[in-house]
Amino acid sequence: MMPSVRIRDTELAMERRGDGPLVLWGHGLMQSRANENTRRLWTIADDVVAAGFEFVRYDARGHGKSSGTADPTVYQWSSLANDALDLHSELSGEPVVLAGASMGAATMLHAAVRQPTAARALVLVIPPTAWDTRAGQRELYENSASFVRAKGKDRYVQAVQKLPVIPILAEYPEYRLLPPDISEELLPFVLEGAAASDLPPIGALRSLDIPSLILAWDTDPGHPVSTAETLHRTLPRSTLRVAQTVADIRGWGGEVVEFLRSL
């Protein structure tokens, strides 16, 4: 058991489950291991462990129980990739499966581009807006950071929770937008880091000649199918699955296990 690990200037809270080939997982923006446990929208971790793999999750810098600093540059996806690679070095000297959702998927893509020898394969769940579709999301995060500074985290949460649920999740009664698992002090800096982020350039992604599974869902402008489709066209050895219903999302654990067993 390794509840945390020191990565340069930050203490990353983490957990290890299972035995077997290693899967390193990163969560989404403003989320955490605790938020993933509460939401239970997918059961990828449980399914992967039950299938005979080791699953390692960690709270990203500034999120959950991991420490952070008041510097937006350290929350950019390209910077968070350094944390993932340093954690990989602590855990294993061998290539592992780099996996994650949203910001976590972006982080692992940057990590794989930067250090291809670390990645045995990729699992990319709901990849976020990128490239040509990124401008609106960038503005949203910048405005959100300003709102938190002016009105506070509680008012921000109240405002966001009034927004409509994306259509694919309307049939999932347990779904609710959880408050950001980030302190009020750090939240604006994390949002500004996300605003300044993007996926790696298309040309760099073409060099990732490793098996890649892309899991997208429909009707979510923050995680558009167009990003997943571009990744699928770009990554040389990728498989794309697009969920149309909550039942499809519930099946993602099985999709990941089948992919892992094929490696």
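**Exercise 1. Identify the residues that ring pairs link into a cluster.**

Solution. The cluster consists of Trp25, Trp42, Phe55, Trp217 and Trp252. The pairing rule is simple: rings of Phe, Tyr and Trp (its six-membered ring) pair if their centres lie within 6.5 Å. Planes under 30 degrees apart count as stacked, over 60 as edge-to-face, and the rest as tilted.

This is a predicted model: local features need pLDDT of at least 70, side-chain atom pairs count only at pLDDT 80 or more, and totals for chains, interfaces and linings use all residues. Residues are numbered from 1 along each chain as its sequence is written, and side-chain values use heavy atoms, with hydrogens and water left out.

**Exercise 2. Count the aromatic pairs, then work through the pair of Trp42 and Trp217.**

Solution.
1. The whole structure holds 6 aromatic pairs.
2. Trp42 and Trp217 make a tilted one, 6.3 Å centre to centre with 45° between the planes.
3. Trp42 lies in the loop between α1 (33–39) and α2 (44–50), and Trp217 in strand β7 (residues 211–217), so the pair ties together parts 175 residues apart in sequence. Helices (H or I, at least four residues) and strands (E, at least two) are DSSP runs, numbered from the N terminus.
4. Trp42 is buried at 17% relative accessible area. Trp217 is buried at 6%. Buried means under 20%, exposed over 50%, partly exposed in between (1.4 Å probe, protein chains only).

**Exercise 3. Describe the pair of Phe147 and Tyr156.**

Solution.
1. The pair is tilted: 6.5 Å centre to centre, 55° between the planes.
2. Phe147 is partly exposed, at 29%.
3. Tyr156 is buried, at 10%.
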